[in-house]
Amino acid sequence: MRPPILSVSNIEKSFGGIKAVRGVSFDVHKGEILGLIGPNGSGKSTLFNCILGQLVPDAGHVRVNGRNVSGMRPSELNRLGVGRTFQQLSVFPQMSVFDNIILAGQEHRGTMLLRLFGPADAGLAPEAERMISFFRLTHLRDTVAGSLSYGQQKLLDAAMAFMAGPALVLLDEPAGGVNLTMLAHLKERLIAYNAEHDTTFVVIEHTMEFVMSLYTRIIVLAEGAIIAEGTPDEIRSNQTVIDAYLGG
Ligand SMILES: Nc1ncnc2c1ncn2[C@@H]1O[C@H](COP(=O)(O)OP(=O)(O)OP(=O)(O)O)[C@@H](O)[C@H]1O
Ligand SMILES: [Mg+2]
């Protein structure tokens, strides 16, 4: 049997006296769209940061396709086909949509030599054009990111993560603060990408639109620990989950 595309075991992370993540373990298999939900402050972003090398966990291991990637830098993970978005937008507001996407591609793929001596777009232009078209941003291709709506910027942010040519993408609240039309559009694009490329997603987002019809499986965190795991139907009617949200 193939190893899970992502395997997280016993991750722990504290900030001073606060135990943000307490012994979290889970596996994600190729092609899954896993939802990671939980009340504010339950440790979701910290867990992502431990998985992706932005933070060094106090304990635990992370494997991608069976390979131990604990301690790897985010750029090294990118090269293994792991993309991510942050909870906060990371687009460059003065640059055009196209240039933002090229820059993301260079970060993911380009070596320093390629950046210094290669073509200005490091040969990424065709892929960038494909990504712009896939996310239906063509009419905004030459617009500076700072003048897009917030929802359009979130979409651009997601498109940038896909420039890793990813096998696995972790998205931290990609639909936070966007309107319903944009939300439905993002969901539909993630489903399409998953169907076309068998790309695996782990998504932090508890909007009902995603919970009901995007996720193939859901993990619920509360106070840094997993309190439930199951299908959307199982999670929606799980009393422990309902209590955690009401108490949170
Ligand atoms: N850099 C940090 N320094 C100190 N404490 C932190 C830091 N990052 C997170 N925390 C704390 O760790 C806990 C988990 O925070 P985290 O941001 O991971 O939660 P979250 O589930 O992503 O919340 P939200 O839904 O609000 O995004 C919180 O108590 C938070 O205050
Ligand atoms: Mg968060």
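Which strand do four bridges join to β8?

## Basis

This is a predicted model, in which local features need pLDDT of at least 70, side-chain atom pairs count only at pLDDT 80 or more, and totals for chains, interfaces and linings use all residues. Residues are numbered from 1 along each chain as its sequence is written, chains are lettered from A and ligands numbered from 1 in the order written, and side-chain values use heavy atoms, leaving out hydrogens and water.

## Pairing of β8

The strand is β3 (residues 33-37); it runs parallel to β8 and is joined to β8 by four bridges. L34 has V202 as its bridge partner. Strand β7 (residues 168-172) also pairs with β8, in the parallel sense, over five bridges. Here V169 is partnered by F201. From β7 the chain passes through helix α7 (residues 180-197) to β8, a right-handed β-α-β crossover (clockwise from the first strand over the helix to the second, with the strands pointing away from the viewer).

Strands pair if DSSP finds at least two bridges between them. Strands (E, at least two residues) and helices (H or I, at least four) are DSSP runs numbered from the N terminus.

## Burial of β8

Five of the five residues of β8 (200-204) are buried (under 20% relative accessible area; exposed is over 50%, partly exposed in between; 1.4 Å probe, protein chains only). T200, V202 and I204 point one way, F201 and V203 the other.

S45 lies in helix α1 (residues 44-51) and Q87 in the loop between β6 (82-85) and α3 (97-109), 42 residues apart.

S45 counts as partly exposed because its relative accessibility is 21%. Q87 is partly exposed at 33%.
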